[in-house]
Amino acid sequence: MAMKTKRKRTPERAILLLAACAVAGPPAWGLALRNSSAERVVAGLNPGGHYTLEELQHEPLSVVNSGDEGAAVAMSVAAPRAGELNDGFEPIPDPGWIRLLHGAFSLRPGDEGRSNAVIAIPDDKRLRGGQFQAQWLSRAVSQSGLKLDLKSKLLLILAPDEREIEEARGKVEKGPGTDFQLGRSDERADGVALGRTVDLKRERGVSIKLVNLGERKATFALTPVFEEEGGAPRREGFERSPNPQFLKAERRVVEVGASGVGEARLSLDIPDQPRYRGKSWLFTVKVEELGVSPEKTGYYRLWVTTR
């Protein structure tokens, strides 16, 4: 198999270390590994796209033999078990989406093995907005027969479908921005059920109201985001939603006439999984007026508890 090694003495950012030593009599040997990160997030991927980690993040995957004994190290990618999943992420449907260009290394103490990774997303529009987790595994066997497994996470975030917004952006009449307001920028929905689509307008009276105070028609784009730029107000006991795509807007683009009021209906669709019960999350929707300079942006916040 292809091999690529590089001497490295500087410490890595994230370290997961386990030393295994002989229990009786000298000489004593130790096996230890550390990797380039315990968790890597790769965002903005598109179905049908082919990427490499070096292109996206200018950094390959790497593992360092930080022990005092030479070792053979094999790297691979696998789907995580249920208990290993980050909130908001599902197991990668096929670990074959990620291919390591170099997977086997013979590392002396202090040596580093580096491998670029090719990420190929199937051309399936249903994957848009998905968040998938894979496990990056490093298995070492020392010269004296000691064994060590090291696990890290690869988190893939696929871009949502932006075609409706991009089409509207290209058609909207350019001009000065109107004065707009959100009817209510903060709302709350408690005891939301899991495992079904919850129509927030019908069941909770919750929706985004867009108030156009200007004298011409305005076009607004709505995008669920992790959090607003510059940070959002915090509320005790709440954390940001682990997946903005749990919240959906019935329309991503809303036109509002001069001195008019528009509405965007919302729904929540949170999987029925034990890890999502009894949660307190903040969902954020970015509201952008299209075709204006300077750009005008507002944020709608929905504080949600699940049952």
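P233, R234, R235, F238, E239, R240, L282 and W303 line it. I kept in mind that this is a predicted model.

Next I sorted that lining by class. I found four nonpolar and four charged residues, and no polar ones. Among the lining residues I noted F238, L282 and W303.

How much space lies in the largest cavity? I read about 30 Å³. I then checked the search of the whole structure, with 30 Å³ or more as the limit, and it finds one cavity.

I turned to the backbone. Most residues other than glycine have a negative phi.

H58 came up, with phi near 60 degrees. That is a positive value, and the residue is not glycine. I located H58 in the loop between α1 (53–57) and β7 (61–65). Is H58 buried or exposed? I found H58 exposed, at a relative accessible area of 70%. Exposed here takes a value over 50%.

S259 was another entry. Its phi is near 55 degrees, again positive in a residue other than glycine. Where does S259 lie? I placed S259 in the loop between β23 (253–256) and β24 (261–269). The relative accessibility of S259 is 61%, so I logged S259 as exposed.

H58 has a positive phi and is exposed. S259 has a positive phi and counts as exposed too.

Conventions:
Residues numbered from 1 in each chain as written. Predicted model: local features only at pLDDT ≥ 70, side-chain atom pairs only at ≥ 80, totals over all residues. Heavy atoms only, no water. 1 Å grid on protein atoms, 1.4 Å probe; cavity = no way out; pocket = protein on both sides within 12 Å on 5 of 7 lines; lining within 4 Å. Points joined across faces, edges and corners; volume = space filled by probe spheres on them. Nonpolar A, V, L, I, M, F, W, Y, C, P; charged D, E, K, R; others polar. Helix = DSSP H or I, 4+ residues; strand = E, 2+ residues; numbered from the N terminus. Buried < 20%, exposed > 50% of the residue type's maximum accessible area, 1.4 Å probe, protein only.
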